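Subject: Structure for your review

Dear colleague,

Please find below the structure I am handing over to you. My notes on it follow directly after.

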Amino acid sequence: LESGSVIVMDCLTGDLIAMAYMPSFDPNSFSDGIGVSEWKWLSADDHVPLRNKTLKGLYPPASTVKPMVAMSFLEAGLDPKATAYCGGGLRVGDRFFRCHARRGHGTVDMNRAIAQSCATYFYYYAQKIGMDKLASLARRPGMGQEFDLPVQSQFYGTVPDPAWKLKKYNEPWRVFDTVNATIGQGYML
């Protein structure tokens with residue numbers, strides 16, 4: 001692993017047990033004043049060891065959101081046996097959104113779509129369910145929320161929806177925004 005972050009929490013209480021990120025730096029270097037060469041090396045590193053990736057790293061969650069998106073589908077009344085055909089992607093307007101399986105997965109239901117991480121299934125049903133319902137369920141377990149942690153200087157993720165985009169960019173939500181967010185891309189951080 002070249003760059004990353006880990007958080008260990010108590011699943012029962014939500015208590016934060018440990019957090020770490022790599023690459024990091026030795027804080028002892030700063031206790032008596034850091035040397036010019038070490039500072040240049042740390043500040044020029046493209047893996048950004050001076051940024052606490054645990055508190056300040058914002059990344060697209062990618063396919064890790066698919067089970068949560070599937071839960072929003074269920075909550076909206078989608079039958080888990082309902083299928084979509086994956087031929088390697090889905091045309092949305094004038095754009096083609098690819099699935100990772102270039103040749104497609106064939107006909108998939110919810111179980112198979114999650115197991116095989118079929119993006120096309122999620123693209124298809126997210127358009128029918130809508131981003132407001134997806135975002136509402138994503139916020140319930142804490143995605144995009146601010147947490148009162150005993151540390152300073154945190155960045156917070158984003159669960160986008162039409163109201164968020166209008167406020168942030170003064171632009172309307174588009175169907176391709178939903179398609180991107182449903183697989184943890186686009187504005188989703």
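In this predicted model, the side chain of Asp161 makes a polar contact with the side chain of Arg139, at 2.9 Å. The side chain of Asp161 also reaches the backbone nitrogen of Ala163, at a distance of 3.2 Å.

As for its place in the chain, Asp161 sits in the loop that runs between α6 (131–139) and α7 (162–169). Is Asp161 buried or exposed? Its relative accessibility is 12%, and because buried means under 20%, Asp161 counts as buried. When neighbours within four places in sequence are left aside, the residues in contact with Asp161 are Met131, Asp132, Ala135, Arg139 and Trp173.

Helix α5, residues 119–129, packs against helix α8, residues 175–182, at an angle of about 130 degrees. The axes of α5 and α8 are 9 Å apart. The two helices are therefore oblique to each other, and α5 passes α8 in a right-handed crossing.

Which residues meet where α5 and α8 pack? From α5 come Phe122, Tyr123, Ala126 and Gln127, and from α8 come Val175, Thr178, Val179 and Thr182.

With kind regards

Conventions: Residues are numbered from 1 along each chain as its sequence is written. This is a predicted model: local features need pLDDT of at least 70, side-chain atom pairs count only at pLDDT 80 or more; totals for chains, interfaces and linings use all residues. Side-chain values use heavy atoms; hydrogens and water are left out. Helices (H or I, at least four residues) and strands (E, at least two) are DSSP runs, numbered from the N terminus. Buried means under 20% relative accessible area, exposed over 50%, partly exposed in between (1.4 Å probe, protein chains only). A polar contact is a pair of N or O atoms within 3.5 Å; within protein, one must be able to donate a hydrogen and the other to accept it, and residues adjacent in sequence count only if both atoms are side-chain atoms. Contact means heavy atoms within 4.5 Å. Axes are lines fitted to C-alpha atoms, for helices over the stretch in contact, and angles run from 0 to 180 degrees between N-to-C directions. Angles under 35 degrees count as roughly parallel, over 145 as roughly antiparallel, 65 to 115 as roughly perpendicular and the rest as oblique. A crossing is left-handed if the near helix is turned anticlockwise from the far one by less than a right angle, and right-handed if clockwise.
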